[in-house]
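Please open the structure in your viewer and keep the selection panel at hand.

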Amino acid sequence: MRISLNWLKEYLNPPDLPVLEQELIHRLTMIGLPVESTEKQGDDVILDLEITTNRPDCLNHLGVAREVAAQLELSVQPPESSHVVGLEMGKVEVSIENPEECPRYAARLVKDVTVAESPRWLRQRLEAVGQRPINNLVDVTNYVLLELGHPLHAFDYHKLQGGCIVVRLAREGETLQTLDGIKRALDASMLAICDASRPVALAGIMGGTESEISTATRTVLLESAYFKPFSIRATAKKLGMRTEASYRFERGADPEIPVKALNRACRLIEQLNAGKTAGPLIDLYPGRVERQPIRLRRQRIKQVIGVSFEPAFVEGLLTLLGFEIVSSQPEEWVVQPPTFRADIEIEDDLVEEIVRHYGYERIPSTYPSPGLPEKALNYPRQESVLIEGLTASGFSEAVNYIFSTPVQEAEFWGESRPMIPIANPLTEEDSHLRTTLMAGLLTSLRRNFNYGNHEVRLFEIGKVFIPGTSGRLEDFRESNRLGLVASGVSYAAYWSAARDELNFLNIKGMLESFFSELGIEADFRPATGFGFLHPGVSAELSINEQPVGWAGELHPRLKDSFKFVQRVFLAELNLDPVYALPFPEPFYEPLSRFPAVERDISFLIDKTKEYGKLKRAIKSVNCPDLKDIQLIDLYQGSRLPEGKVSLTIRLAFQNPERTLTQQEVNQYCESVLALLRSRFAAEGRS
Amino acid sequence: MKKGRAFFISSLFLPVRLSPLKMTTAMLENAHPLWEQFRQELQSVSSLGQWTQLRDRYLSRQRGLITLEVKKLGRLSAEERPSAGQRLNVLKVQVEKALENHYQLLKEQERFRQLQSERIDVTLPGYYPRRGRIHPLRRIQREMEEIFMRMGFQVALGPELEWDYYNFEALNMPPGHPARDTQDTLYITENLLLRTHTSPVQIRTMQQQPPPVRIVVPGKVFRRDAVDATHSPMFHQMEGLVVDAGITFADLKGTLEAFLKELFSPQTRVRFQPSYFPFVEPGAEVVISCIFCSGTGCRVCKQNGWIEVMGAGMVHPKVLQKVGYDPETYTGFAWGMGIDRIAMLKYQIDDLRIFFENDVRFLSQF
């Protein structure tokens, strides 16, 4: 809101400010009217005030003057707005069909109108605060708007069919060309100002072109009404319109000001010799609401603010701000807020008025005594353990938008999957909510490649949004996910080491180590259902037989379509089941004084056999002294029979109470080998 | 210190010169003729191999020159035998001693050569472990969480897809409230939306527990905003809430001042200006003295010396009522701040978009 300091001073008594301009700016900021910028214009200064949505009363010069007066302890001098006696009679019929939306409608005729340019002082005033002058009549309505804050509208009376005004909801099918030249289709939720047959204005938002003031206008109907915020807001939103008038009505105008504003406008018109006020003043007020006064306790101010206030200060300040002290007792008051303060509803609103003008700066800073909650809130401690592992393994954290598109995700999944659509997306790229972190991560990866970064390991921890199976959007599920993408060499930082390209086992090992930190053993099993993964390099992960995600190499088909030249590995895990597990607490296990015995066993086996199954089988052998199973060599080559691989597995045996004998260990190894022979057709090798 | 280091260097790294054995005059007069011969030969021994050969030449049990001399003693007369024997004994001890000394010298020489050969260029690049970094937004979020946790706060989390009730209505923003306009919302259905602030978690937490409450709520929030250097349809907020009997606006000031001084610097000045948020009353805008120019005016603070960092206020009685807290008994304060904005200020980032590009060159800076 642009405020001219010279204009503002007109309403102050005395009109000279007792403080410097700089101090005034500071004071305005400190009472909640922050000055965004100032601009010198001749001997005037224009302040651009930021007005919060609860203070429509400050969207005009008189309102700001009231605040300044209260802060500087001056008095306010409102402009002359007493009744103007009409010279001629004129007949206007006004009726309100929807008093719920329009509780009050005042109007008056102005005859013998001479539409012309406004005098210099008026034009300058308007221009100073950024309002373009149009003609004397329109300028007067704008002047009153910027002075008192109340939107008026001027109709060319002779364009109103039947010479009457009907305030009613529009009918389906009715249209109106508004002053911005757009022809608008109205519906039955929109309040319209109509003449005998059709809408001539959108109530509280904008007039229509047909009844617009022109140089040919001889008689004007001035409208000064009070419209309910919800009605104006809904219509303006529906039509995508926002005007000076709608902005104020939406936030709450003063229902007691319409007649004053009308009188003020008539006085100005006569002062400018632009026309003659005529006929009786029409004031229909079917929707008057009595506002209840509010009880204010001195103790409540202390309870909320932590400071005690002198009764004299409280009363004095509220009075300066236009509040009426209905009754006053030593410890409490009954206060009637002014009609222009629709935002004042409860006792604490009054508390704010007092402390706002007292100054937040003057309130001491204390520290609340610690009230300890009954129980600790749930917090996924696993998350930071995972992040520690990820960063230690070279992964940096990415943050992507949660938005995606069906096209983008279908490219990844290889099929279209149900997604949750946003009803009012801003762009096509933001039309849906992601169901996987991969679309974002692969985009980030591509961006890195484009920037020339070829060593990329990224992870993201974030939510995906899974639609319910019922088809109802409300049945969605939010799920915490960990996603990672990696491409490059496995030991990039070691400049003298061999530069092996990352492979699946690097990624798998990292994942295993993260899980191990959480006390989780995850199973990796060959997977087939993931179309976006290389069919030979893809694994499904499960914890306690519950699937939690997948890992693998990006399918060459996708690699090509993304134009990647490097191999890309990716994984996504559902963290919900991970977070649901108890946080692992380590337990001390006594250290055996008896040394572990290690034995390596080598054998040939069909290539098609899975090591994972083999290891599980060895584990299941009934041997409590078997402590560890490690693969230490895997050889496949021309020296072996076709279709065979040679494995060497190191078995470690240990007993907590005694040294194991050679014989026992031999027996254990024999039983393991026997099992491998019978279940996996392994051939022993020495 | 200097002396010690000089000693260290000379003892380990300087080649040790072979010096002739020092002989007393008495020893020389009485010396066995083999002694002079041995000394000559010892002087030319420069490797451990030669040293072994020399030792065997003189001391070998079968054919050592000294061994042979000892064997000859038997042929001497009884009178000559003791003095000749003693002379040989002296010779043997002297040779052994000289060999031992020489061995030490050779060992040191060898170690010196070995150390020389193992020398590397310590200015070569180290094998730097390849660590990843957490996102700057998580970094700043953790820093903020930690400050609050030291002040007795707990971290609370909540859903990103939220119901209108929690996002607006329970926060004193009924349908049609003009403040809804300032938070342009992305809707899924009429009642389901992407939360526009982390404040709904206030409501969820209060519904689940009786006072006292002391929480901070970090998380993603969403607005229907086009992307530019300072706007994004997705950003991050940290909300805070304290509710108990006896909580005042003065406590709000004290708590947030302590936090901001800890986060930025003890010299930071904190100012509270009246402002409006529907879920608090009284409401405040919290500004700090510009961390770049300390308040003298610069580009970041748009020349006014102050930077807005958060909105705050006393929890609106209607909000307390909605969750079943009696506003006559309990009061509270709440605040909200943009994590992205704080990160931009602290790390001097001038474009919000870079947070979501995930360029590893950017990420590796944090």
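Domain bounds, as used in this tour, come from an automatic or database domain assignment. The model itself is a predicted one.

**First stop: the domains of chain A.** Select residues 2–76 of chain A for domain 1, and then 93–284 for domain 2. Domain 3 is made of two segments, 297–333 and 345–361. Continue with domain 4 at 382–580 and domain 5 at 597–685. With domain 1 and domain 4 of chain A both coloured, consider the distance between their centres: taken over C-alpha atoms, it is 56 Å.

**Second stop: a sheet in chain A.** Display the strands β6, β9, β12, β13 and β14 of chain A, which form an open sheet in that order, with mixed pairing. Which strands stand at the edges? They are β6 (93–96) and β14 (206–207) of chain A; each has a single partner strand, so one side of each is left without a neighbour in the sheet. Next, zoom in on strand β13 (residues 199–202) of chain A, which pairs with β14(A) in the antiparallel sense over two bridges. Select A:Leu202 here, and you will find its bridge partner, A:Met206, in β14(A).

Chain B is divided into domain 1, residues 2–117, and domain 2, residues 136–363. Colour the two separately; their centres, taken over C-alpha atoms, are separated by 87 Å.

**Fourth stop: the interface.** Show both chains together. Contact between them involves 90 residues of chain B and 96 residues of chain A. The two chains bury about 8100 Å² between them, and 55% of this lies on carbon and sulfur atoms. Now select B:Tyr127, B:Arg130 and B:Pro274, the residues of chain B that lose the most area to chain A; together they account for 10% of what that side buries.

Between chain B and chain A, 45 residue pairs are in polar contact, counting pairs with both residues at pLDDT 80 or more. How many salt bridges cross the interface of chain B and chain A? The rule finds five. To view a salt bridge, select A:Glu345 and B:Lys318, whose side chains meet at 2.7 Å, N to O. Then highlight helix α11 (residues 249–263) of chain B, which supplies seven residues, the largest share of the side of chain B that touches chain A. Finally, colour that side by class: it has 43 nonpolar, 23 polar and 24 charged residues.

Note on methods: Residues numbered from 1 in each chain as written. Chains lettered and ligands numbered in written order. Predicted model: local features only at pLDDT ≥ 70, side-chain atom pairs only at ≥ 80, totals over all residues. Heavy atoms only, no water. Contact = heavy atoms within 4.5 Å. Buried area = accessible area lost by both parts, 1.4 Å probe. Salt bridge = Lys/Arg side-chain N within 4 Å of Asp/Glu carboxyl O. Polar contact = N/O pair within 3.5 Å; in protein donor to acceptor, adjacent residues only side chain to side chain. Helix = DSSP H or I, 4+ residues; strand = E, 2+ residues; numbered from the N terminus. Nonpolar A, V, L, I, M, F, W, Y, C, P; charged D, E, K, R; others polar. Pairing = 2+ DSSP bridges.
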